[in-house]
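Could you walk me through this structure while I have it open in my viewer? I would like to know what to select at each stop and what I will find there.

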Amino acid sequence: MGSAKEAEGMKKRPMARAVVTGATGAIGIALIKELVKDNVEVLVLCRPRSARNARIPVHPLVTVRDCPLEGLSSLEEKEKTYDVFYHLAWAGTTGADREDMKKQTANIGYALDAVALGARLGCRRFIGVGSQAEYGRVDGVLRPDTPAFPETGYGMGKLCAGLMTRSRARQLGMEHIWVRVLSVYGPGDTEGSMVMSTIRKLKAGQIPSFTKGEQMWDYLYSRDAACALRLMGTMGVDGRTYVLGSGHARPLKDHIKELRDVAAPEGKLAIGALPYGEKQVMYLCADVSSLWQDTGWQAQTSFAEGIREILEEM
């Protein structure tokens with residue numbers, strides 16, 4: 001999957017080798033596959049003895065090294081230099097950990113360690129993956145310049161990490177791009193996500209419960225997200241913050257019903273059985289115009305097609 005601008009050869013910079021942390025989630029797995037398809041050699045840094053490491057694609061271009069977040073500051077690599085450092089790793093992304101301020105603060109330090117490691121490895125560009133949680137609740141399309149007022153420790157940590165890694169990258173002579181990711185789904189997603197938990201409950205004959213599903217929601221398939229990240233590595237503009245989603249939103253209940261129709265057409269849904277959370281985001285949609293202008297990227301995978309691909313891999 002490429003882009004119109006990539007095909008034209010506009011503004012493209014070579015990327016022969018890349019480093020990826022946080023490679024065992026839906027985006028990380030898809031990113032490795034996307035880079036390999038583009039003949040990019042990938043160094044994957046992962047937590048030792050994690051069961052999720054079995055998800056990392058096996059390929060001659062992929063090298064896996066044990067390196068937890070706390071090991072980024074001391075890792076050395078003397079044999080090769082790399083072009084782009086993709087930092088996806090983050091501790092405490094779900095549940096009560098999102099409000100663990102010490103854990104979230106530690107993540108900021110790890111992100112700065114990742115920048116320093118990228119410099120030691122010869123990377124010219126650092127790409128950090130943030131979150132829509134940096135914005136808090138916004139009644140409108142999310143743009144790079146939308147004011148950010150995070151309401152969770154997780155969102156606060158991501159916002160600080162984006163700002164601090166940009167400053168540190170400048171000090172070390174590296175280019176910097178920060179990506180605020182919305183709702184990405186795909187193979188390898190966490191079991192507790194709406195998509196994965198709903199699929200499993202429906203397949204087990206259960207009736208999953210939801211809120212009224214009136215939230216306007218922007219879902220992006222993991223392969224499309226990975227394509228965007230790859231293009232940022234070669235065509236993204238230094239210093240930019242990109243918002244990454246499909247660019248289209250519709251009521252969450254419509255996504256839920258479509259998921260049911262694909263995964264278990266006879267299944268039942270309890271829409272409206274749950275109350276909205278205290279800080280429920282009611283509108284989530286990305287403005288991807290700057291990403292399109294810089295790289296030509298557009299989402300290619302429909303929600304239903306993405307669900308079908310997840311089912312094929314389960």
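## A guided tour

Begin by selecting Glu134 and Arg180, whose side chains are joined by a polar contact of 2.8 Å. Keep in mind as you look around that this is a predicted model.

Stay with Glu134 for a moment. You will find Glu134 in the loop between S5 and helix H4 (153-171). Is Glu134 buried or exposed? Its relative accessible area is 0%, so Glu134 is buried, the cut-off being under 20%. Now show the backbone of Ser131: its nitrogen lies 2.9 Å from a polar atom of the Glu134 side chain. Leaving aside residues up to four places away in sequence, Glu134 touches several others, among them Phe149, Lys158, Trp178 and Arg180.

Next, follow the chain back to the sheet. Colour the strands and you can trace an open sheet of seven, in the order S3-S2-S1-S4-S5-S6-S11, with parallel pairing. Strand S3 (62-66) and strand S11 (241-244) are at the edges; each has a single partner strand, so one side of each lacks a neighbour in the sheet. From one strand to the next, the twist averages 20°.

Zoom in on one pair. Strand S4 (residues 84-87) and strand S5 (residues 125-131) run in the parallel sense and pair over four bridges. Select Val84 and look across to S5: Arg125 stands opposite.

Now bring in the helices. Helix H3 (residues 101-120) packs on the sheet, where it touches strand S2 (41-46), S4 and S5. The direction of H3 makes about 165° with that of S4. Helix H6 (residues 222-235) also packs on the sheet, touching S4, S5, strand S6 (175-181) and S11. Its direction makes about 145° with that of S5.

How many of its 14 residues are buried? The count is 13, so H6 is mostly covered.

For the last stop, select Thr301, in the loop between helix H8 (289-295) and helix H9 (303-313). Thr301 has 12% relative accessibility and therefore counts as buried. Which residues does Thr301 touch, not counting those up to four places away in sequence? They are Tyr221, Arg223, Asp224 and Gly306. A polar contact of 3.4 Å links the side chains of Thr301 and Arg223.

Methods: Residues numbered from 1 in each chain as written. Predicted model: local features only at pLDDT ≥ 70, side-chain atom pairs only at ≥ 80, totals over all residues. Heavy atoms only, no water. Pairing = 2+ DSSP bridges. Helix = DSSP H or I, 4+ residues; strand = E, 2+ residues; numbered from the N terminus. Axes fitted to C-alpha atoms, helices over the stretch in contact; angles between N-to-C directions. Contact = heavy atoms within 4.5 Å. Buried < 20%, exposed > 50% of the residue type's maximum accessible area, 1.4 Å probe, protein only. Polar contact = N/O pair within 3.5 Å; in protein donor to acceptor, adjacent residues only side chain to side chain.
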